[in-house]
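I opened this notebook to keep track of what I looked up, one topic per entry.

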Amino acid sequence: MSTHIIIGIADPTAGTRRNVGALAVSALACGATFRAQGRVLVCGGLLEATPVCFAKTQVPAHETGSAVAELLAATGATPRELVLIYGDQDIPFGQMRVNER
């Protein structure tokens, strides 16, 4: 069975808008307790009856890629099983964009 990961990108050195990804993941995890795994916080949960790993980065923005890569390696997940949630300064506040790559 594959591991689906929903990860919220946060920057502990930045303001709230840059942390919107971690805030969204916390809301999706419905109050679950996160634990440290490498440079991210993780917890297991269900999303519409599908087991998922909720995660939140705990590194400055320029280290996000390597922190996510470490989590993928630790869980055995592939990039296709990954959903990134993050704040984008180029999108007007309150709007969202969905890309599949």
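Entry 1: The model I am reading is a predicted one, in which local features need pLDDT of at least 70 and side-chain atom pairs count only at pLDDT 80 or more, while totals for chains, interfaces and linings use all residues. I also note that residues are numbered from 1 along each chain as its sequence is written, and that side-chain values use heavy atoms, with hydrogens and water left out.

Ile 9 lies in the loop between β1 and α1; the helices (H or I, at least four residues) and strands (E, at least two) are DSSP runs, numbered from the N terminus.

Entry 2: Val 25 counts as buried because its relative accessibility is 0%. Its contacts, leaving aside neighbours within four places in sequence, include Ile 6, Ile 7, Phe 34, Phe 54 and Ile 85. Between the C-alpha atoms of Val 25 and Ile 7, which are 18 residues apart along the chain, I noted a separation of 6.7 Å.

**Entry 3: the sheet.** In what order do the five strands of the open sheet run? The order is β2-β3-β4-β1-β5, and the pairing is mixed; two strands pair if DSSP finds at least two bridges between them. The edge strands are β2 (35-37) and β5, each of which pairs on one side only. Neighbouring strands of this sheet are turned by 35° against each other on average, direction ignored.

I then went through the pairs. β2 and strand β3 (residues 40-47) pair in the antiparallel sense over three bridges; here Ala 36 stands opposite Leu 41, and Gln 37 stands opposite Val 40. Eight bridges join β3 to β4, which run antiparallel, with Val 40 opposite Thr 57 and Val 42 having Ala 55 as its bridge partner. β1 and β4, in contrast, pair in the parallel sense over five bridges, and Ile 6 stands opposite Phe 54 in β4.

β4 is mostly covered, since six of its eight residues are buried. Helix α2 (residues 64-75) packs on the sheet and touches β1 (4-8), β2, β3, β4 (50-57) and β5. The direction of α2 makes about 155° with that of β1, where axes are lines fitted to C-alpha atoms, for helices over the stretch in contact, and angles run from 0 to 180 degrees between N-to-C directions.

Entry 4: Cys 30, in the loop between α1 and β2, has a phi near 50°, a positive value in a residue other than glycine. Cys 30 is exposed, with a relative accessible area of 68%.

The hairpin of β3 and β4 has two residues between the strands, and in this hairpin Glu 48 takes a positive phi near 50°. Ala 49 lies in the loop between β3 and β4 and has a positive phi of about 70° although it is not a glycine; Ala 49 is exposed, with a relative accessible area of 70%. The hairpin of β2 and β3 also has two residues between the strands, and there Gly 38 takes a positive phi near 65°.

**Entry 5: the largest pocket.** How much space lies in the largest pocket? I recorded about 910 Å³. On a 1 Å grid over the protein atoms alone, a pocket is an open set of points where a 1.4 Å probe fits, with protein on both sides within 12 Å along at least five of seven lines, and lining residues have an atom within 4 Å of a point. Grid points are joined across faces, edges and corners, and a volume is the space filled by probe spheres set on the points.

The largest pocket is lined by 24 residues, of which Leu 84, Ile 85, Tyr 86, Arg 97 and Val 98 lie nearest its centre. The elements that give two or more residues to this lining are α1 (20-28) and β5 (82-85), and the largest share, four residues, comes from β5. The lining divides into 13 nonpolar, five polar and six charged residues, with Ala, Val, Leu, Ile, Met, Phe, Trp, Tyr, Cys and Pro counted as nonpolar, Asp, Glu, Lys and Arg as charged, and the others, Gly among them, as polar.

Definitions and conventions: Contact means heavy atoms within 4.5 Å. Buried means under 20% relative accessible area, exposed over 50%, partly exposed in between (1.4 Å probe, protein chains only).
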